[in-house]
Each structure stands twice: as C-alpha cells, then as structure tokens.
Amino acid sequence: MTILIDQPELGVEAGVNKLDNADNELVLDGGFVVPQTNSFGHTFRDYHVESERQQGVENFYRTNHINQTSDFVKRMRTEYGKLNKMEMGIWECCELLNDVIDESDPDLDEPQIEHLLQTAEAIRKDYPNEDWMHLTGLIHDLGKVLLHPGFGELPQWAVVGDTYPVGCAFDKSIVHHKVAKGNNTTLPPAALFIIRYHSFYALHKSGAYRHLMNEEDTENLKWLQIFNKYDLYSKSKVRIDVEKVKPYYLSLIEKYFPAKLRW
Ligand SMILES: O[C@H]1[C@H](O)[C@@H](O)[C@H](O)[C@@H](O)[C@H]1O
Ligand SMILES: [Fe+2]
Ligand SMILES: [Fe+2]
C-alpha cells in the first residue's frame, strides 16, 4: 500500500512513477512505502499529540528558540569553522553517535548511529545505483557530534532540531555545514545541499522562503525531497546489523572522502 502524504509540490512533479535511470531521469518515486505510524503509534512529526516523547520535545524547542540567537550562531560558526577539534575518519565519527539520543525528535529514541544507517540502507534499497545518496544518508546528521565531550559537549538545544533562519542570515545557521566542504569531499553539490538543508522543514515541506532560492537550489531541492522520505520514515525499532553493512560504507567513505578529516 502506498500512502500519499500532503506535501506542496515545490516544482517537483508529484506522483511520477519509477523512471528508468538509464534515461538519466530523476526517479522521484523510488518505491518507498511510507509507514502510517511511528514506533510510538502516532503520525510522524506530530508535535502536539500526547506521547512519551512529547514533553521532552516541547522543552527542547522552548530552550532552543530562546537561546538559538543570531549572535550565538555567529559565535558557533567561528568556533566550529576552525576545524581544530579532532582528526578522524567518517566511520569513527559515526561511532561517536553510538550513545547519542536526539531529544528534539518525536519519532525516534534510538541511538543516532542507528538513524544514520536506517536512512542510508533505506535509500540504498530503492536507489541502488546512487551510491552518493547512500553515503549522504550515512553522514547527514553527523553534526550531532557537537554533543560529544570531544567537541565541547554542547547542549542539545544548540545542536539538534529543525533548522530555520535567524536574524536576517538565511541558511547561515547550520554550524557544521562546511565540515564536508572544508575537507575536500568529492560528493556532488546535491549531497551538500541535502546535508545543509534537510532539517529546514519550513522550506522543503511548507514552501516558505522560496523567494530566496536560485535555479540551482530548485534543482537540488528535488533530491532533498527524495531524501526526506528516507530520513523521516525510516525511523523505526528495527535495528541494522552494523558489522554487516560496515564494509560497504567504508568503501563509500574511501571513495568520497580522505582517510582523515579535520573536524
Ligand atoms: O533533520 C532532523 C529533523 O529536523 C528533526 O525534526 C529533528 O528533531 C532532528 O534533530 C533533525 O536531525
Ligand atoms: Fe537531521
Ligand atoms: Fe536525519
């Protein structure tokens, strides 16, 4: 059963069936069946329904909205733009998320490494040839390492949650968005766009701020909207066998990243 969810079209033709990739066409519907409910029995991204996560998530956004000022964002960008906190490979960084639970997420209370692998594996199943998308799935939330003691153990309000513009600085609020760029990745621009804006639901789901987009953004947004299904709806209690899939992701990391990166 395919469940249709209400989403603005944003220039992407909705409901297009699986297209032959050999024609070089963008496959908008990879065949992913969107689950009706999350692991807690509610619809995804419902911030109002009473659930075991609701109170915590609400407290998170309260502190987040009070403290995430443009001044704070500027200071964080300067501090974390130095990339002088650690040197390590991508997989090592994934493993730092073994113990991280995202307090802003109403749909998941599993460690974040699980979420990375669930996202990547779900994309891999439907888009076997787009290996850059698999790797993008694996790394898209790595910014959450800022919660780790090695990165100063920032509070959750400063790190996770949805993205939104602060002050007048549209899109400049993502502390880690230059991490991959600063380390010479060969991932395509669409991958960097996905990483940078995947939490910007006001843009990619609700269609706000579109007047700030240029043509390239519009193209990249198509990939982001494909990605979003996998990021959001792959959240589940079904664990991925980390050791089994590790060699595949190590090979992708080797293809698109240097062995050691500055963080
Ligand atoms: O991309 C997601 C999304 O924005 C969720 O709403 C948020 O709770 C997570 O922290 C983030 O990684
Ligand atoms: Fe995210
Ligand atoms: Fe995510």
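I started with Val 166, which sits in the loop between H5 and H6. A note to myself on labels: helices (H or I, at least four residues) and strands (E, at least two) are DSSP runs, numbered from the N terminus.

This is a predicted model, where local features need pLDDT of at least 70, side-chain atom pairs count only at pLDDT 80 or more, and totals for chains, interfaces and linings use all residues. Residues are numbered from 1 along each chain as its sequence is written, chains are lettered from A and ligands numbered from 1 in the order in which they are written, and side-chain values use heavy atoms, with hydrogens and water left out.

**Val 166, continued**

I looked up its accessibility: Val 166 counts as buried at 7% relative accessibility. Buried here means under 20% relative accessible area, exposed over 50%, and partly exposed in between (1.4 Å probe, protein chains only). I then checked Val 166 against Ser 70: they are 96 residues apart in sequence, yet their C-alpha atoms are 5.3 Å apart in space.

**The whole chain**

I listed the elements next and found nine helices and two strands in the chain. Read from the N terminus, their order is α-α-β-α-α-α-α-α-α-α-β. Of the 263 residues, 50% count as buried. The accessible surface comes to about 13100 Å², and carbon and sulfur atoms hold 49% of it. These areas come from the Shrake-Rupley method with a 1.4 Å probe; for residues, only the protein chains shown count as cover.

I also looked at contact range, with contact meaning heavy atoms within 4.5 Å. Among contacts in the chain with a separation of 6 or more, 77% are between residues 24 or more positions apart.

**Helix H5**

How many of the nine residues of H5 are buried? Nine of the nine are, so H5 is largely enclosed by the rest of the structure. The buried residues of H5 include Trp 132, Met 133, His 134 and Leu 135. I traced what they pack against and noted helix H3 (90-95), H4, helix H6 (189-197), H8 and helix H9 (242-256).

I picked out Asp 131, which is found in helix H5. Asp 131 counts as buried at 14% relative accessibility. Leaving aside neighbours within four places in sequence, I found Asp 131 in contact with Tyr 248, Leu 252, Lys 255 and Tyr 256.

**Helix H6**

H6 has seven of its nine residues buried, so this helix is also largely enclosed by the rest of the structure. I wrote down the buried ones as Ala 190, Ala 191, Leu 192, Phe 193, Ile 194, Ile 195 and Tyr 197. Their cover includes H5, helix H7 (201-204) and H8.

**H4 against H5**

I turned to helix pairs. For these, axes are lines fitted to C-alpha atoms, for helices over the stretch in contact, and angles run from 0 to 180 degrees between N-to-C directions. The axes of H4 (residues 112-126) and H5 (residues 131-139) come within 7 Å and cross at roughly 165 degrees. H4 and H5 are therefore roughly antiparallel to each other. The cut-offs I used: angles under 35 degrees count as roughly parallel, over 145 as roughly antiparallel, 65 to 115 as roughly perpendicular and the rest as oblique.

H4 passes H5 in a right-handed crossing. A crossing is right-handed if the near helix is turned clockwise from the far one by less than a right angle, and left-handed if anticlockwise. On the H4 side the contact is made by Leu 116, Leu 117, Thr 119, Ala 120, Ile 123 and Arg 124, and on the H5 side by Met 133, His 134, Gly 137 and Leu 138. I sorted these residues into six nonpolar, three polar and one charged. In that sorting, Ala, Val, Leu, Ile, Met, Phe, Trp, Tyr, Cys and Pro count as nonpolar, Asp, Glu, Lys and Arg as charged, and the others, Gly among them, as polar.

**H4 against H8**

The axes of H4 and H8 (residues 215-233) come within 8 Å and cross at roughly 130 degrees. H4 and H8 are therefore oblique to each other. Here too I noted a right-handed crossing of H4 past H8. His 115, Thr 119, Ala 122, Ile 123 and Asp 126 of H4 meet Phe 227, Tyr 230 and Asp 231 of H8. I counted four nonpolar, two polar and two charged residues in this contact.

**Backbone check**

Leu 83 has a positive phi of about 50 degrees although it is not a glycine. Leu 83 lies in the loop between helix H2 (70-81) and strand S1 (87-88), and is buried, with a relative accessible area of 9%.
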